Amino acid sequence: MILCGIDVGTSSIKVSIVDAANQQLIYSTSYPEVENEISSPQPGFAEQDPEHWWFCVKQAILKANSTGLYDPKNIGAIGISYQMHGLVVVDKEAQVLRPSIIWCDSRATPFGEKAYKALGESFCQSHYLNSPGNFTAAKLAWVKENQPAIFEQIAQVLLPGDFIAGRFTSTFTTTASALSEGILWDFKESHPAKDLMAYYGFPETIFPPVHPLFSDHGTITASVASELGLGSHAKVTYKAGDQPNNAYSLGVLHPGDIATTAGTSGVVYGISDELKFDTENRVNSFAHVNHSATKTSVGVLMCINGTGILNRWVKQNFFPSLSYSQLNELGAKATIGTSGLVCMPFGNGAERIFQNQTLGGSFQHLDFNRHQSADIIRAAQEGIAYSMVYGIELLGNVGVKPKKLKAGLANMYLSELFTQAIVNASGASVELLESDGAFGAALGAGAGVGYYANEDEAVSHIKVLKTIQPDTNLMNAYADAYGVWKNNLPA
């Protein structure tokens, strides 16, 4: 059997084709060649077109199929990873009614805060493990209040992965994990968050049926099979938000396991078998891929919105002629701490670790006589690393204290400058693995279709490429630089 994994990212769509028998990658590609844009029609808004995601998914699959490295008709199962917290709304004809309000959009925060106070902080934390905050439910409340004509036409409310799966199969399903990331799942009652829905005035029928995450979410339609050259037997058998899926792709399934990623956003994600939550809502808890009514498996997630997107912004605006590897080499020429230049990477919407405040990004203490181009690059990458170290400290407040992080060798972790900063400032080692979100989604599809005995077996052969340990000769310098950075945080 051949497995197809799809990662619906913010910047692009990635597709990985995997041989189920040996769990080896056959081919991986992405589409488009340039990064997808985020539309921001008003300050704090962030939107993308779901139909463009679907177009890019199809183009990426066709691009992979054209290699001739495998027979597309042997693809038996499809897995989907997707950007979390996005809101997609469709009418009774399954047509998209408005652009998706994506994860880094800030407009819905007041709607979440009102619900938090109305339902009660202790109720929300014990039942939903979070404040409704700026998540999917609050975004739907914004649509209801500000675009009532659109709200009246909504037949189904979907997370991005639910939408893409539905385009394959013509039917929509969701999962407890997906609903939990929208603050639409009641962990105590093990069903959708009826009290929150009632508060907002959402009919329960507006959400698709809840299926197990590893399960049959539908067989692809004959028209899709014909368009993409696939066999008509192929099924969607797995779909998960990008951070739970990233953790799964790294074999992070059990208490004590810690995953990290640094793509557009940066995340540290730890597993607990208890319903843990942060009373200050600075880190969040969601149902992990293997959570069920009989087995508690919660992913405690710390997110920084402005990580790789800051690195991209620096490159595009100041060093467009450099490749990312050349950017890293130039930045490494500056000294640790960049002679006091400090970068705050918080320019990509409301940051959860600051209780949904929109702080904005900044460079501070810029000295025109001392700081050069290398300092700008290094300050940006150290700022990203230090913001994640700060988030790791917050995870410790809810009992998640990592000594070793697992990451795919991709995105910001391709930069030795960034990796050394996060390792030496946190004191935790980083294990870099040969895996990514699309690869993990493919393996998840294998588990969902029953090819593997269980979800653990599906990720049992992921290769560790290298481990980066803290360097005792550098830790003091990084500790000092991190202390200066932390002292410049807003009050």
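This is a predicted model: local features need pLDDT of at least 70, side-chain atom pairs count only at pLDDT 80 or more; totals for chains, interfaces and linings use all residues.
**Before you start**

Residues are numbered from 1 along each chain as its sequence is written, and side-chain values use heavy atoms, with hydrogens and water left out. Local features need pLDDT of at least 70 and side-chain atom pairs count only at pLDDT 80 or more, while totals for chains, interfaces and linings use all residues.

**Stop 1**

Select residues 3-243. UniProt, in an unreviewed entry, labels them "domain: Carbohydrate kinase FGGY N-terminal". UniProt positions are given in the numbering used here, with feature names shortened, and annotations may be inferred rather than shown by experiment. This span is 35% helix and 21% strand, and its end C-alpha atoms are 20 Å apart. Helices (H or I, at least four residues) and strands (E, at least two) are DSSP runs, numbered from the N terminus.

Now select residues 259-445. The unreviewed UniProt entry calls this span "domain: Carbohydrate kinase FGGY C-terminal". Here the chain is 34% helix and 20% strand, with end C-alpha atoms 20 Å apart.

**Stop 2: the nonpolar cores**

Show Leu140, Phe207, Tyr248, Met388, Tyr413, Phe418 and Trp485. These have the most contacts inside the largest nonpolar core, which has 121 residues. A nonpolar core is a set of buried Ala, Val, Leu, Ile, Met, Phe, Trp, Tyr and Cys residues joined through side-chain atoms within 4.5 Å. Buried means under 20% relative accessible area, exposed over 50%, and partly exposed in between (1.4 Å probe, protein chains only). Helix α13, residues 373-396, gives the most to this core, with 13 residues. Another core lies apart from it and has 40 residues, among them Val8, Val15, Val90 and Phe172. In soluble globular proteins, nonpolar side chains tend to be buried together.

Centre on Phe207. Beyond its neighbours within four places in sequence, Phe207 is in contact (heavy atoms within 4.5 Å) with Leu140, Gln156, Val157, Leu179, Leu184, Met197 and Phe202.

**Stop 3: the second largest pocket**

Select Ile309, Trp313, Gly347, Asn348 and Gly349. Of the 25 residues that line the second largest pocket, these are the closest to its centre. The space in this pocket is about 430 Å³. On a 1 Å grid over the protein atoms alone, a pocket is an open set with protein on both sides within 12 Å along at least five of seven lines; a cavity is a set of points where a 1.4 Å probe fits but cannot get out; lining residues have an atom within 4 Å of a point. Grid points are joined across faces, edges and corners, and a volume is the space filled by probe spheres set on the points.

Colour α11 (308-318), β16 (342-344) and β17 (362-364). These are the elements that give two or more residues to the pocket lining. Which element gives the most? It is α11, with six residues. By class, the lining has 12 nonpolar, 12 polar and one charged residues. Nonpolar covers Ala, Val, Leu, Ile, Met, Phe, Trp, Tyr, Cys and Pro; charged covers Asp, Glu, Lys and Arg; the others, Gly among them, are polar.

**Stop 4: the cavities**

The whole structure holds three cavities of 30 Å³ or more.

Next, the second largest cavity, with about 50 Å³. Select Asn130, Ser131, Gly133, Phe135, Asn281, Asn284, Arg352 and Asn356 to outline it.

**Stop 5**

Most residues other than glycine have a negative phi, and most peptide bonds are trans. Go back to His85, whose phi is near 70°. His85 sits in the loop between β5 (75-82) and β6 (88-90). At 2% relative accessibility, it counts as buried.

Thr338 also has a positive phi, about 45°. Find Thr338 in the loop between α12 (324-331) and β16. Its relative accessibility is 0%.

Then Tyr31 to Pro32: this peptide bond is cis, with omega near 0°.

**Stop 6: Glu431**

Is Glu431 buried or exposed? Glu431 is buried, because its relative accessible area is 13%. Glu431 belongs to strand β19, residues 429-433.
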